[in-house]
Amino acid sequence: MTVALPWFLAVVSAAQMQEVENWLFAQGMPVAALMEKAALQIANRLSLLYPLTKFPRIGVVVGPGHNGGDGLVVARELKLQNYQVKVLQPLDQLKPLTQNHADYGKSLGIPWVDDVQALAHCDLIIDALFGFGLTRPITGVIADLVTAINDLSMPVVSIDLPSGIHTDTGEILGTAVQADRSFCLGLWKRAYFQDRALAHLGQTELLGIGLPPQAIANALGQVWPVQLLGAEQAQRILPLRRPLVTHKYHQGHVLLICGSQQYAGGALLSCLGARASGVGMVTMAVPKSIKNLIHRQCPEALVHGCLETPSGAIAGLGNLDLSRYTAVALGPGLGLDVGPVVEEVLPVNCPLILDADGLNQLARQQLLPLLAERTAPTVLTPHGGEFQRLFPDLDQGDRLTAVQRAAAMGQATVLLKGAKTVIASPTGPTWVIKDSTPALARGGSGDVLTGLMGGILAQTGEFDLTQGVATAAWWHAQAGILAAQQRTVLGVDAQHLAEYLIPACRQWIGQNATN
């Protein structure tokens, strides 16, 4: 078996990672050899990130299993590089291989200490208590030890995962180490994309340990259940090259149904997102009273003025011909007094994106079961509160599982917004956006995403729709990151975010110009 995607894009559960390792061991890879590969990678990174001249004293807290063994090999290597290393081993019984490394470390003169206070004068602490696969809560003296580690003032680096975090769900098992940096070994673990684990992970980095493609394919198959979306995958979706002979309607026509007198900005921001996508035509369906505002800000858009409710929301779509469009997005700024527009667009025979008040209407009117009757794809883009209203029985603690179940229940592609946005469809892989910025936690940011996504999906091409949705989220996040770098986290309002979509794209094109 072969793996088409780069290994560093896979996201695995504890059971899948164990299956990868078991395959290696069954083929003859010694457990000790794999431990050496992993620990040498860690030691090399530590010596670069925490140089001897600034971090000469290092404490290593080791557990009884192979994570502790990794830590002991790291202790050995740092000792040989002239770091002053101390080891704290709170549990007496070690696995045989870990015990071998402990014996060798002692023979090199590495001191073993009895109490965490003996590490109080170290410059760095390495957490090697428990790796992936922990399922039981940390209690008793080990819980007290974790608390004491968290109270120390020096940086803490965790091997594979901060001790006390559930590998799959990110749940804090009683207590957990609060790391400043976490080295994930081999393949990304699901916990790295769960909101409740993020405060404990610190800066994160994946360290390769030379896993052969066959081992990954054996555990994950040819289509990985969960995977990251990166620049290479986005390149397959973004329409960066076009034929010389074309015209606007060959480049897609998106309809954005949005806005109200109270939330006119939602319509404008979604329009700005759509036009940055490069879509050939943008049509806006908005209340008549804000039609001129849209014309002034987005003169290239076609604007359909809809009849209004007494509060200034869209009362209905009137004679709008929905068959003209290659994608429809509905929701930003509609307001709660909107008419039956969700029911009007459900029969549309093209990708339909429901966001914001479109989702609230879907939940309020209990229209979710009707999505299964649609013949064209549906995309739902909730934040946490909207997700709860749509799927009240799903626990968002395990975000990856919740989104996968929601996609199956709604027979739709579901994008759950957050620090690590997750996108799932009823069939096919689940995508995760690894890199983002809290600068995106601003009103209107989601409206820009809806327009951008609508513009991308309207440009019909030979790509998977769910991957197209993930590409919109990735591009949106890249724009936020670039804007925050240049304007600080505080300076990225939604309008500036939209302005950075093209610079982010241009930056990405430059980095991939040879592809």
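1. Starting with the α3/α4 pair: helix α3 (residues 66-80) and helix α4 (residues 96-107) have axes that come within 8 Å and cross at roughly 25°. This is a predicted model, so read everything below as computed from it. With angles under 35 degrees counting as roughly parallel, α3 and α4 are therefore roughly parallel to each other. The crossing of α3 past α4 is left-handed.

2. Who touches whom here? On the α3 side the contact uses His66, Gly68, Gly69, Leu72, Val73 and Arg76, and on the α4 side Leu97, Thr98, His101, Ala102 and Tyr104. Sorted by class, the contact of α3 with α4 has five nonpolar residues, five polar and one charged.

3. Now the α15/α16 pair. Helix α15 (residues 445-458) packs on helix α16 (residues 465-487) at an angle of about 140°, and their axes are 9 Å apart. Roughly antiparallel would need an angle over 145, so α15 and α16 are oblique to each other. α15 passes α16 in a right-handed crossing.

4. The residues in that contact are Ser445, Val448, Leu449, Leu452, Met453, Ile456 and Leu457 from α15, together with Leu465, Gly468, Val469, Ala472, Ala473, Trp475 and His476 from α16.

5. Two backbone spots to look at when you check torsions. Most residues other than glycine have a negative phi. Gln366, though, has a positive phi, near 55°. Gln366 sits in the loop between α12 (357-364) and β16 (378-380). Its relative accessibility is 66%, so Gln366 counts as exposed.

6. Gln411 is the other spot: its phi is near 50°, again positive in a residue other than glycine. You'll find Gln411 in the loop between α14 (399-410) and β17 (413-416). Is Gln411 exposed or partly exposed? With a relative accessible area of 42%, Gln411 is partly exposed, because the exposed class begins over 50%.

7. Finally, the chain as a whole. There are 18 helices and 19 strands. The radius of gyration is 26 Å, close to the 24 Å from the globule rule for 515 residues, so the chain is as compact as a globular protein of that length. The C-alpha trace spans about 85 × 45 × 40 Å along its principal axes.

8. Taking contacts between residues at least 6 apart in sequence, 72% join residues at least 24 apart.

Definitions and conventions:
Residues numbered from 1 in each chain as written. Predicted model: local features only at pLDDT ≥ 70, side-chain atom pairs only at ≥ 80, totals over all residues. Heavy atoms only, no water. Axes fitted to C-alpha atoms, helices over the stretch in contact; angles between N-to-C directions. Helix = DSSP H or I, 4+ residues; strand = E, 2+ residues; numbered from the N terminus. Parallel < 35°, antiparallel > 145°, perpendicular 65-115°, else oblique. Left-handed = near helix turned anticlockwise from the far one by under 90°. Contact = heavy atoms within 4.5 Å. Rg over C-alpha atoms; globule rule 2.2 N^0.38 Å. Nonpolar A, V, L, I, M, F, W, Y, C, P; charged D, E, K, R; others polar. Buried < 20%, exposed > 50% of the residue type's maximum accessible area, 1.4 Å probe, protein only.
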